[in-house]
Amino acid sequence: MAEPVVRIPDAKVALSTASVYPESTATAFEIAARLGYDGVEIMVWTDPVSQDIEALRRLSDYHRIPILAVHAPCLLITQRVWSTDPWTKLRRARSAAEKLGATTVVVHPPFRWQRQYARDFVAGIWRMADETDVRFAVENMYPWRYRDREMLAYAPDWDVTKDDYRHFTIDLSHTATARTDAIHMIDRMGDRLGHVHLADGRGSAKDEHLVPGRGTQPCAEVLERLALTGFDGHVVIEVNTRRAMSSAEREADLAEALAYTRLHLASAVKVPRR
């Protein structure tokens, strides 16, 4: 019988610049290059470098590490980054992706209080997607919880599979916080799954973004499924290293996350040795 050998799938593994917070966007490029990541995802936030296309291009060129995705400034702390108008933010994110050679813009569904934006969001994302080759991959979120109360903070819904989008991002820390089944969500996304934020969680009301393998999410199973189904998007490590006691500890966490991801992407895909 032919002995099987491992074939590494085509999916690239990237580092989110959010994973080095509170260190800088520039530091993320340094770490990604040093550890052997395939690229980075830019989290556009309050760091001026994350908002500066030319500065990002110079960092990419200097470290020889491509920018694979741009995360639009959708967080509460980025409400004034790149304008207060959400559609302007998305247009600027698309422009940044096009100029930087990124293939994906990650976007959250609107906050419920952004009523006009929320009403037009699904149709508006389709319009924007029709104007570019860049993928607009809408990310699953979660209900906000406090003690025994739950607030639906996102519209049309935190579960983005309930609406019609061309591409989705699945975030496994968010599935943990939502206490929903990640595998079932991936099944609902089907071939529209275009992007993955890989992290872990234990089901806390807080969005934990643990290193993969340190929580309860089926991170290994998800990676193996992606490999077997020929996933052609990006797997982005988006973890929280704020509690790292040193830069060396932060880098060790990011090295562990990368090794875990490559191991489980490769372990599922085998071809017979001739």
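Predicted model: local features only at pLDDT ≥ 70, side-chain atom pairs only at ≥ 80, totals over all residues.
I number residues from 1 along each chain as its sequence is written. Local features need pLDDT of at least 70 and side-chain atom pairs 80 or more, while totals for chains, interfaces and linings use all residues, and side-chain values use heavy atoms, without hydrogens and water.

**Pockets.** I looked up the largest pocket, where a pocket is an open set of points on a 1 Å grid that a 1.4 Å probe fits, with protein on both sides within 12 Å along at least five of seven lines. I noted a volume of about 1,200 Å³, which is the space filled by probe spheres set on the points. Its lining (residues with an atom within 4 Å of a point) has 36 residues, and Asp207, Glu208, His209, Asn240 and Arg242 lie nearest the centre. I sorted this lining into 17 nonpolar, seven polar and twelve charged residues, where Asp, Glu, Lys and Arg count as charged, Ala, Val, Leu, Ile, Met, Phe, Trp, Tyr, Cys and Pro as nonpolar, and the others as polar.

For the second largest pocket I wrote down about 220 Å³ of space and 13 lining residues, with Gly190, Asp191, Leu193, Thr229 and Phe231 nearest its centre. That lining divides into four nonpolar, five polar and four charged residues.

**Surface.** I then turned to Ile77, which is exposed (over 50% relative accessible area, 1.4 Å probe, protein chains only) at 57%. Together with Leu76 and Trp113, Ile77 forms a nonpolar surface patch of about 340 Å² accessible area; patch residues have over 30% relative accessible area and no salt bridge (a Lys or Arg side-chain nitrogen within 4 Å of an Asp or Glu carboxyl oxygen), and nonpolar side chains are joined within 5 Å.

Definitions and conventions. Patch = residues over 30% accessible without salt bridge, like charges linked within 9 Å, V, L, I, M, F, W, Y side chains within 5 Å. Areas by Shrake-Rupley, 256 points an atom, 1.4 Å probe, with all protein chains shown as cover. Buried < 20%, exposed > 50% of the residue type's maximum accessible area, 1.4 Å probe, protein only.
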